[in-house]
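Please read it alongside the sequence and the structure shown here.

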Amino acid sequence: MMGSENQEGGEAHLQASREEMESLVLDGDDGRDHIGNSITSQSYANYRSAMTTLSSSFAASHHPLSFPTPADSDPLLSPPSPQPPLLKSPNSPKPRTTATDDPHHLDPPSYADVVSNPLDDNIEANGGSESPSQHSENSTSSFSRSPFSSSDYLEIVVSNPQKEAESSKNSIVPGNNAYVTYLITTKTNISDYGGSQFSVRRRFRDVVTLSDRLSEAYRGFIIPPRPEKSVVESQVMQKQEFVEQRRVALQKYLRRLAAHPVIKKSDELRVFLQVQGRLPLPTSVDVASRMLDGAGKLPKQLLGDSRSVMGPQDVVQPAKGGRDLLRLFKELKQSVANDWGASRPPAEEEDKEFLDKKQWLHDLEQHLTNASKQAEALVKAQQGLADTMGELGLAFIKLTKFENEEAVLNTQRVRAADMKSLATTAVRASRYHRGLNAQTVKHLDTLHEYLVLMLAVHNAFSDRSSALLTVQTLLSELSSLHSRAEKLETASSKIFGGDKLRIRKTELKDTIRVTEDAKGCAIREYERIKENNRCEIERLDSERRTDFVNMLKGFVTNQVTYMEKIGIEWTKVAEETNRYAKETA
Amino acid sequence: MIPTQLQRSGSGSTQSPRSPSSQEPFLSVSVIDPAKMGNGVQAYISYKVITKTNLPDYQGPEKIVIRRYSDFVWLRDRLFEKYKGIFIPPLPEKSTVEKFRFTAEFIEMRRQALDIFVNRIASHHILQQSEDLRIFLQADEQTMERARSQEIGIFKKKPADLMQIFKDVQSKVSDVVLGKEKPVEESTPEYEKLKRYIFELEDHLAEAQKHAYRLVKRHRELGQSLSEFGKAVKLLGTCEDNALGKVFSEVGDKAEIVSVKMQREAHHLLMNFEESLKDYVRAVQSIKATIAERANAFKQQCELAETIKFKEIDLNKLRLTRSEKLADAEREYDVLKADGEEATRRFEAIVQLMNEEIVRFQEQKTLDMGLAFHEFAKGQAHLANGIAEAWRSLLPKLEACASS
């Protein structure tokens, strides 16, 4: 739907020196997620959110362990592709920082545990009973949309977790750091992959890298969020069930990426899935070094060094997470002015349609949260009924056996036979109920999937608002530069200044020029992101309608199918025991 | 409630020998209309007991009296005292939790159980002839109250005593099972088997009843969550437009309808299945009480037999020594002998009755359980079919939406 021109980019190359940094970061990397996350995930793209994203980056910056920026000098990845053909953005050779610290704290619904073999294994419906699966077991998408709606497909399977030891000759932390790798097998017919089936081994850190690079490259897109890190990674990794949970989560994540019409064709994803050995994407460097860098620059910036000016190449990234502290300060100041200042901000979010849509999405999220919660409760209740029915059946089977063994009178045997019929039907009904529940989980999972997507929508909107903030900051900057220039003019006309004044005037003119360019870029970037937003929202709308209809249809159809079967079983027993009804009526 | 054919004579004929051409004698009882009486701590529930009969001893054709739970307890205790060997129909338990004493559900469950209780007595060929039953069914409230309060202290066994008897019986069974012999214990193999059967049966039944009660709860929980889910779905539908929004709304409504069906089935399951199982458990416990009575009677018989033996030895001694005490001793001996015979008679009566009762019990239970199973299956079938039908009606609309 959006232009999918793959730009031929230079292949990314590894940075050996980064490895040392990586191993430094590893053990602590996970701790800070929750702080930044909880703030950013709830805030919408508005001026306030811009402020909080900035402030959370401050919070993060006090933490030695948050998302870092790679060094600026590295010509890393090729420009992100594809771009919407309407807009040419000066794709920065510089890698971007993440717009937000991926708020990933949506846990999978608790009912996923309730049913033992949810998706990939066979559902324990009764032998011979087929539930009309609306939901074919397809691997390209977690939804029930047909995987073959477009002619190209990308199927991903994550399996075979293995522990590997990291040799730590170079790391400061002594000893072996064990980590887990997962085998990622891909089947595709997309031409760029130049191959139809291949496998790589990746670790979770690679997934984080992939996710970060995608966020930078696809600002304004609704990008599925990656699975959470765990707070105490090395300890939790020992547990088999955690590894299994993570494997499932990774598979889901990659499949969601593969289902996104734009991202599935991205270089980042392709490289992740295909390139053997080390992941050739720029890794994130820890904030400590970044902050040191930024802190080092700051004095010069404050003294009016030329690097205090935002250049065009800078503005295409958000300020947050970057090393330009001065820019951060400026934009923070701007957002405060936006919120509390007497006058209106220089440029405003005027798109009423957008604002309405935001409100609507807010409502949708509320209702989704509620519905997802109730769906969990429903599944739990269905499971409870299934289990208790089974237990009742077993208790009666024991009773039957007992009566038969101890029978002295014939009437006892008759009773035992009646009891057995009830018991076996109860056990059978219990199995049907379990099967129904497994299918219900599959269908109602759509609610949860969309809740996860809501987080990604927040991110997309954040991209937009931070780009807007950059524009606003530049506009404010420009207006103050212009007024300084005016003052200089009137001053110079009065005083015979000489060189110093002339130099200052020239410098100011240069600064204004550069800032004008930057403003132009920033505006273009903002428009680009707006367009991305619009297209993505459109896509979300249409996909959502399809998915929701299928969800309801699947849910209702399952109820009908299973209840019919259960009804048949019990009717049989009712008929068998009919004589008792007549006798004692 | 259930008209019962009477057997006035002990032999089981169904016709009164006095009126060969008149209608057959019947005795029909219902327990209805629970009403809360009194206030606060003193409050209790009273029931109307309606007796319809053509029996000469009864004030016919219809008599209504007001009774409360402790009146029923009085009747049970009197019957238990008088008719040893017969399995007295069980009563519903006293409510232990104050909070639930006056809930509609509890009251209904108790009323049903009391109705079944009286009807079982009225249809038992021996018990139906009891004078205590007649008093219970016919006496005015004051007489009843007097009778009830008299019994406390005289006939009323304290629960502790009853428990002790149960414990004795249980320990005796386990002793025998473990091989510890106790002399004063009846131990024919058939009787041992019966005792073991009764005790194990209680365990099995208690477990089944527990699961049945849980199943009722699960139905309620599922009904509740379906209702909540329906509401949530409706809310979600407000975000959608036109056709899709309507579909959401209808799904939500249907979920509510299904929820109501669930609740109804939960109640049906409780009253017609779980209560039947509970009643079964109580009946088995009543049998255990009879087993205790039998053990008691056996003990008495044995002890008397012992005493008589010693007395005989004494007597012979006295005869040999030609003592003056001989006459007295002989008289005592005669009395003892008579007592011994009485004790034996009592014991043997119990044995005889129990044998009959066991057969009657087993046959009755097959019928009771058969009905309970039928109700269970019927209810579940009705529920499942109802749910399928409710959801099915939505399918065409969903299909239309999906294909558009």
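Predicted model: local features only at pLDDT ≥ 70, side-chain atom pairs only at ≥ 80, totals over all residues.

A residue counts as buried under 20% relative accessible area, as exposed over 50%, and as partly exposed in between. At 42% relative accessible area, Glu489(A) is therefore partly exposed.

**Chain A**

- The secondary structure of chain A consists of 15 helices and three strands.
- Of the 585 residues in chain A, 56% are buried.
- Among contacts in chain A with a separation of 6 or more, 81% come from residues 24 or more positions apart.
- Chain A has an accessible surface of about 25400 Å², and carbon and sulfur atoms hold 54% of that area.
- Helix 8 of chain A (residues 267-274) is largely enclosed by the rest of the structure, because seven of its eight residues are buried. The buried residues are Asp267(A), Glu268(A), Leu269(A), Arg270(A), Val271(A), Phe272(A) and Leu273(A).

**Chain B**

- Chain B contains nine helices and four strands, in the sequence order β-β-β-β-α-α-α-α-α-α-α-α-α.
- Buried residues make up 48% of the 404 residues of chain B.
- Residues 24 or more positions apart provide 72% of the contacts in chain B with a separation of 6 or more.
- The accessible surface of chain B is about 20500 Å², with 54% belonging to carbon and sulfur atoms.
- Helix 1 of chain B (residues 69-82) has 14 residues and spans 20 Å from its first C-alpha to its last, close to the 20 Å expected. Its buried residues include Tyr69(B), Phe72(B), Trp74(B) and Phe80(B).

**Interface between the chains**

- Chain B contributes 63 residues to the contact and chain A contributes 62 residues.
- The two chains bury about 5700 Å² between them, 75% of it on carbon and sulfur atoms. Phe229(B), Leu236(B) and Phe373(B) supply 12% of the area that chain B buries against chain A, more than any other three residues.
- The count of residue pairs in polar contact between chain B and chain A is 17. On the side of chain B that touches chain A, the elements giving two or more residues are helix 6 (189-237), helix 7 (242-321), helix 8 (325-392) and helix 9 (395-403) of chain B.
- Five salt bridges cross the interface of chain B and chain A.
- One salt bridge pairs Glu207(B) with Lys398(A), with the closest N and O atoms 3.3 Å apart.
- Another salt bridge is formed by the side chains of Arg544(A) and Glu240(B), at 2.8 Å from N to O. This pair joins two chains, because Arg544(A) lies in helix 14 of chain A and Glu240(B) in the loop between helix 6 and helix 7 of chain B. Arg544(A) is buried at 1% relative accessible area, and Glu240(B) is buried at 8%.

**Salt bridges within the chains**

- Over all chains, the count comes to 62 salt bridges.
- Glu489(A) and Lys505(A) form a salt bridge at 3.1 Å, N to O. Glu489(A) belongs to helix 13 (residues 410-494) of chain A and Lys505(A) to helix 14 (residues 499-576) of chain A, 16 residues apart. Lys505(A) is partly exposed, with a relative accessible area of 25%.
- Glu93(B) and Arg282(B) form a salt bridge at 3.1 Å, N to O. Glu93(B) lies in the loop between helix 1 and helix 2 (104-122) of chain B and Arg282(B) in helix 7 of chain B, so the pair ties together parts 189 residues apart in sequence. Glu93(B) is partly exposed at 39%, whereas Arg282(B) is buried at 7% relative accessibility.
- A network of salt bridges links Lys252(A), Arg256(A), Asp445(A) and Glu449(A).

Note on methods:
Residues numbered from 1 in each chain as written. Chains lettered and ligands numbered in written order. Heavy atoms only, no water. Expected span 1.5 Å × (residues − 1). Buried < 20%, exposed > 50% of the residue type's maximum accessible area, 1.4 Å probe, protein only. Contact = heavy atoms within 4.5 Å. Areas by Shrake-Rupley, 256 points an atom, 1.4 Å probe, with all protein chains shown as cover. Buried area = accessible area lost by both parts, 1.4 Å probe. Salt bridge = Lys/Arg side-chain N within 4 Å of Asp/Glu carboxyl O. Polar contact = N/O pair within 3.5 Å; in protein donor to acceptor, adjacent residues only side chain to side chain.
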